[in-house]
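These notebook entries record what I looked up in the structure shown below.

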Amino acid sequence: MDLKVEQKPEVNSKTKQMTMIQAINDGLKTMLELDEKTILLGEDIGKNGGVFRATEGLQEVFGEDRVVDTPLSESGIVGTSVGLAVNGFKPVAEMQFMGFIYPAYDQIMTHVSRLRMKTLGHYSAPMVIRAPYGAGIRAPEIHSDSAEALFTHMPGVKVVCPATPYDAKGLLIESIEDPDPVIFMEPMRSYRAKREDVPEGKYNVEIGKGNKVQEGTDITLIAWGAMVPVAEQAAKQAEEQGVSCEVIDLRTLYPLDRELIAESVQKTGRAVIVHEAHGTGGLGNDILSVINDTSFLYLRSPIERVTGFDVPVPFFSLEDHYLPTAKRVLESIYKSVNF
Amino acid sequence: MEEQFPIKKVMDDQGNLIDSSYEEKIDEELVRTMYYNMLRIRTFDRKAINLQRQGRIGTYPPFEGQEASQVGSALALKDGDWMFPTYRDHGATLTFGADMVRTFLYWNGRHEGVVPPKGKNIFPAAVPIATQIPHATGTAWAEKRKGTTNIALAYFGDGATSEGDFHEGLNFASVFQTPTVFFNQNNGYAISVPIEKQMNSKTIAQKALAYDMPSVRIDGNDCFSVYFEMEKAVNRAREGSGPTLIEAVTWRTGAHTTADDPTKYRPDGQGEEIVHPLDRLEMFMKNYGHWNEEWISETKEKIENEVEAAVEAMENSPKANPADLFDYVFEQNPEHLEEQKDQYLAQLKGD
């Protein structure tokens, strides 16, 4: 396999500088235009355009029937989306924050994820559940959870988490077109962190494929979402000390891009896994399993994990202590290369 | 609240019409359809209990006592409509057109059991409580968006009205005026918890007031009351006048499931005074000249043969296919899942 840093596909359209939130808005607009079965549901997403403005201006263009201000009712949103999905619509439901997805957990776990399997393919509930996640924006409590592991442990749903505006739009379009349910996690800390060129119109980024954002030879850093810039920052600092880091942005958390992880770790022989969610029961352990299954004999040191601590996500006065930082990642890099 | 929501009846416990205006509406065809379906599902239900006792199917939740509620409501639907049953509503699904062999298969732990016949919109029975209620709202919403006159019917019990999904589903239906009928079978108990411990509300029908939704309380053991009130609700939904909540007051004659012992929580003799819905219909038929011994015995024989044949077909079904464990998780499975499948199936072959 060619291990060059992924080249973005040529898109025959103009590009525009966008933040991630603008790219998400543009992705939703693109799919509302292209497929009349697409329907957006959520709290405050219509007139108000969403608390983060992800759906700004969409109700004006597409009407109240397609950009629906729902009651404040997460289980109701996902439950009615099941009914809409089995009857031909493509719901894109917004959970205002991932920390508020829990009332809908029952619907996702007991119906959304297993409807296809339990009916031997007769019914399915393809939908996208968008959820802004993560700490670092000084939000009130419960607003800052990273709950991906609850969903990667749930057979029948895919879990996607972009780190850049370009990937956010392309993965969102791919998720809406996917025949199966997708939990689409949006790092709210990255919503407005940077702008980049995003093509106008429709393009897809494949689900299940990670992206090598930086080539390196000594150690592999594996991250996603808001932890990608943290890993990049640590890589830059390590570089100054002569350690060459390869940085992988997983982009999809289920199914994992095992091939990309294996190829990179087999080359570097070392890895640091970085994630914002709690370590115990976290996705890092599954990535560790992938490395164990595919690359054990290539390892030159034990795999390091830098994760959120095994504590509830704290109030924001403590969130900077909770979150993995470049400094913590750097310590793990040194621990690994000096093993 | 009991005064505001009186229990509506068409006939009394002895099968006499309370409202004579119904005499014209209840023709021979309706009477026979009602009797045939109620007897058919009771025969199915009793057979299922026997099969479970003999270890030929798994745990089974009987619906005996609720035949009028299930048949009367299901008969008001037409093809194109949607049914969202619970695990105790196989009487309704069979009446609406579910396959009996597959229904037995479901209770024998087989996924094939939830696949409805082509053209029949029957959702798999909800096992978690009340979760099907928002589904029925969402599907009805889709029908409204498509501009059809199809409706969705959700079944649920008294205990389900304590769950959040009941309220979320009704509220969505009310806000978006979806063509949904919420059909509650108040059978007195949620496993062991009686209605008076389940809620301080005197009726379930009154819960619709909070959503400005029409509701009605009916005698769920009176098949005609169920059928005609259901018809009104269905017509209202088809006409675009929104959802209705129906509380059918009925009685679960038996246990919650074959794994349950109701003598632990039910006082001796409780419910014995309740006239079984099928007996009531029989009395009506005798009172109004619909009882025809020849037709009755032909019907009984036909049903018994059907049920026996279905059991035989269930037991002669090929074994569950281990590949089904893997093949429908995603439309296209991820690589690692295909690997799990290949390895496991290869291992099975080697055994």
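**Entry 1: Gly27(A)**

I looked up Gly27(A) and found it in helix H1 of chain A, which covers residues 20–34; helices (H or I, at least four residues) and strands (E, at least two) are DSSP runs, numbered from the N terminus. The model is a predicted one, in which local features need pLDDT of at least 70, side-chain atom pairs count only at pLDDT 80 or more, and totals for chains, interfaces and linings use all residues. Residues are numbered from 1 along each chain as its sequence is written, chains are lettered from A and ligands numbered from 1 in the order in which they are written, and side-chain values use heavy atoms, with hydrogens and water left out.

Is Gly27(A) buried or exposed? Gly27(A) is buried, because its relative accessible area is 0%; buried means under 20% relative accessible area, exposed over 50%, and partly exposed in between, with a 1.4 Å probe and protein chains only. Leaving out residues up to four places away in sequence, I noted that Gly27(A) touches Lys169(A), Leu172(A) and Ile173(A), where contact means heavy atoms within 4.5 Å. I also noted Ser244(A), 217 residues from Gly27(A) along the chain, with 35 Å between the two C-alpha atoms.

**Entry 2: Domains**

I read chain A as divided into domain 1 (18–199) and domain 2 (211–338); such bounds come from an automatic or database domain assignment. The C-alpha centres of these two domains of chain A are separated by 26 Å. Their contact takes 27 residues from domain 1 and 24 residues from domain 2 of chain A.

For chain B, the assignment gives domain 1 (7–320) and domain 2 (322–351). In chain B the C-alpha centres of the two domains lie 38 Å apart.

**Entry 3: Backbone of chain A**

Leu120(A) has a positive phi of about 50° although it is not a glycine. The loop that holds Leu120(A) runs between helix H5 (115–118) and strand E5 (128–133) of chain A, and Leu120(A) counts as buried at 18% relative accessibility.

Arg251(A), also not a glycine, has a positive phi of about 65°. Arg251(A) sits in the loop between strand E11 (245–249) and E12 of chain A, and is buried with a relative accessible area of 2%.

Which residues does a cis peptide bond join? The bond joins Tyr254(A) and Pro255(A), with omega about 0°. Pro255(A) belongs to the loop between E12 and H9 of chain A.

**Entry 4: The largest pocket**

On a 1 Å grid over the protein atoms alone, a pocket is an open set of points with protein on both sides within 12 Å along at least five of seven lines, whereas a cavity is a set where a 1.4 Å probe fits but cannot get out; lining residues have an atom within 4 Å of a point. The pocket has a volume of about 1200 Å³, a volume being the space filled by probe spheres set on the grid points, which are joined across faces, edges and corners.

The elements that each supply at least two lining residues are helix H6 (148–152), strand E12 (252–254), helix H9 (258–268) and helix H10 (283–295) of chain A, together with helix H13 (335–350) of chain B. By class the lining divides into 14 nonpolar, eleven polar and 14 charged residues; Ala, Val, Leu, Ile, Met, Phe, Trp, Tyr, Cys and Pro count as nonpolar, Asp, Glu, Lys and Arg as charged, and the others, Gly among them, as polar.

How many cavities of 30 Å³ or more does the structure hold? I recorded three. The largest cavity has a volume of about 160 Å³. Helix H4 (90–96) and helix H5 (100–107) of chain B give two or more residues each to its lining, and H5(B) gives the most, with three.

H5(B) is largely enclosed by the rest of the structure, because six of its eight residues are buried. Among the elements that cover these buried residues are H2, H4 and helix H11 (293–315) of chain B.
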